[in-house]
Amino acid sequence: MAFPDRIERSVEIEHPPAKVWSALTTAEGLGSWFGNQATIDLRPGGLAQMTWTEGHKADMRIERVEEPNVFGFTWHIYGLPDDDPRRTYVEFTLEPVGAGTRLTVTETGFAQLPQDAHEKAFEGNTNGWASELGELVDYLNAA
Amino acid sequence: MLPDKEAIAEQVFVALADPSRRSILAALASGGPATATDLAQRLPITRQAIAKHLGLLADAGLVTPEPGERRRVRYRLRSAPMQVAQQFLAALARDWDGRLDALKDHLNQ
């Protein structure tokens, strides 16, 4: 059995990196395709938060800001207690391809060792990344 | 370090693959710590079989025995191995593939 520590996916988007960058790193962008509302302090060490109308939220800590090529943040692992220190690292890489962009997302850290043992009933977001990427493309196409 | 983590997750998945052990874990998750006698009253499994399963689950570190009423041992779920399994499942639940197919379809329209 292998533990899936790393997820990587790429998608080509028919819009230039600057436009994709804006969708990834602004409150307006994140609040449109990712969450239903967002706040972001775009700098390494800055905080961002996305909220969904169903009531859940995601807190991110920004790690890398290299406009318009690399945007990285850490966030909580779904299903673990809110105060659990385990976090995965998400990094978006944008490469120009013709008039468009190859967007790669990697998420790492699922296999990190637990630091403690809190009690928690499991809840998850099974749509997760998949639906976010689809909504990003919808958002860019509508803009 | 990884083999330990894999071994922990594997213990959880092996336990969950067995219907009796799965129902015991589900009962402990739903109702909290319980004795083998408590569980035998709630599940269609004999008390002897429940005691055997609880012993195996305790050996695997998935439940922990603690003193209960009337000197009976009661068993409590251990969340730590469940959280390791949850990390595994969290990676599986991202489901990029189906959405990327849908994304390509969308872009090709």
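Modeller: Helix axes are lines fitted to C-alpha atoms over the stretch in contact, with angles running from 0 to 180 degrees between N-to-C directions, and helices are DSSP runs (H or I, at least four residues) numbered from the N terminus. This is a predicted model, in which local features need pLDDT of at least 70, side-chain atom pairs count only at pLDDT 80 or more, and totals for chains, interfaces and linings use all residues. Residues are numbered from 1 along each chain as its sequence is written, and chains are lettered from A in the order in which they are written.

Biologist: At what angle do helix α2 and helix α4 of chain B pack?

Modeller: Helix α2 covers residues 19-31 of chain B and helix α4 residues 47-59, with their axes 10 Å apart. The two are roughly perpendicular (65 to 115 degrees), because they pack at an angle of about 80°.

Biologist: Within what arc do the buried residues of α2(B) fall, seen down its axis?

Modeller: The buried residues (20 or more other C-beta atoms within 10 Å of their own) are Arg21(B), Ile24(B), Leu25(B) and Leu28(B). On the other side of α2(B), Pro19(B), Ser30(B) and Gly31(B) are exposed (12 or fewer such atoms). The buried residues line one face of the helix, because their directions from the axis to the C-beta atoms fall within an arc of 95°.

Biologist: How far apart are the end C-alpha atoms of α2(B)?

Modeller: At 1.5 Å a residue, the 13 residues of α2(B) should span 18 Å, the expected span being 1.5 Å times one less than the number of residues. The model agrees, since the end C-alpha atoms are apart by 18 Å.

Notes:
Parallel < 35°, antiparallel > 145°, perpendicular 65-115°, else oblique.
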